[in-house]
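Me: I'm new to reading structures like this one. Could you walk me through a few features?

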Amino acid sequence: TDTAAIAEGFLSYHAAASKDWNKVVEILDPAVQTLEAGKSPYVVSFMLLLGQSYHQLQNLELAKKYYTKVLELDPENKGAKEGLEFLKKPAAPAKKG
């Protein structure tokens, strides 16, 4: 239900505060899927957190997917714009050592 998905979404913020990005994705991915169908007002915030979590996990394809979805729903979303801009930058060379 939407209510359960919203509760799970808020739980994911606790995992994000602990930088447990895998847990955020585990909790938030199904919650976003549920809320996307119902057009919940929370879906943009949760999608942004999901994109940021995938970004932290270096899953750049899914990060881009969710940043883009956020901008489709909220074209002025600063966090999603910044995330996409960061993805466009060339990756730093790996340090040898």
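Predicted model: local features only at pLDDT ≥ 70, side-chain atom pairs only at ≥ 80, totals over all residues.

Me: How far apart should the ends of helix H1 be?

Reply: The idea is to count 1.5 Å a residue. For H1, residues 2-17, the 16 residues should span 22 Å, and the end C-alpha atoms are 23 Å apart, which agrees.

Me: Which residues of H1 are buried?

Reply: Buried means under 20% relative accessible area. In H1 that applies to Ala5, Ile6, Gly9, Ser12, Ala15 and Ala16. These residues cover an arc of only 160 degrees around the axis, so they lie on the same side of H1.

Me: What covers them?

Reply: The cover over the buried residues of H1 includes helix H2 (21-38) and helix H3 (43-56).

Me: And which exposed residues are on the face turned away from the buried side?

Reply: There you will find Thr3, Leu11, His14 and Ala17.

Me: Now the loops. What is the phi of lysine 19?

Reply: Lysine 19 has a positive phi of about 60 degrees, although this residue is not a glycine. Look for it in the loop between H1 and H2.

Me: Is lysine 19 buried or exposed?

Reply: Lysine 19 is exposed, its relative accessible area being 61%.

Me: Where is glutamine 58, and what is its phi?

Reply: Glutamine 58 sits in the loop between H3 and helix H4 (60-73). Its phi is positive, about 65 degrees, and glutamine 58 is not a glycine. With a relative accessible area of 59%, glutamine 58 is exposed.

Methods
Residues numbered from 1 in each chain as written. Heavy atoms only, no water. Helix = DSSP H or I, 4+ residues; strand = E, 2+ residues; numbered from the N terminus. Expected span 1.5 Å × (residues − 1). Buried < 20%, exposed > 50% of the residue type's maximum accessible area, 1.4 Å probe, protein only. Arc of directions from axis to C-beta. Contact = heavy atoms within 4.5 Å.
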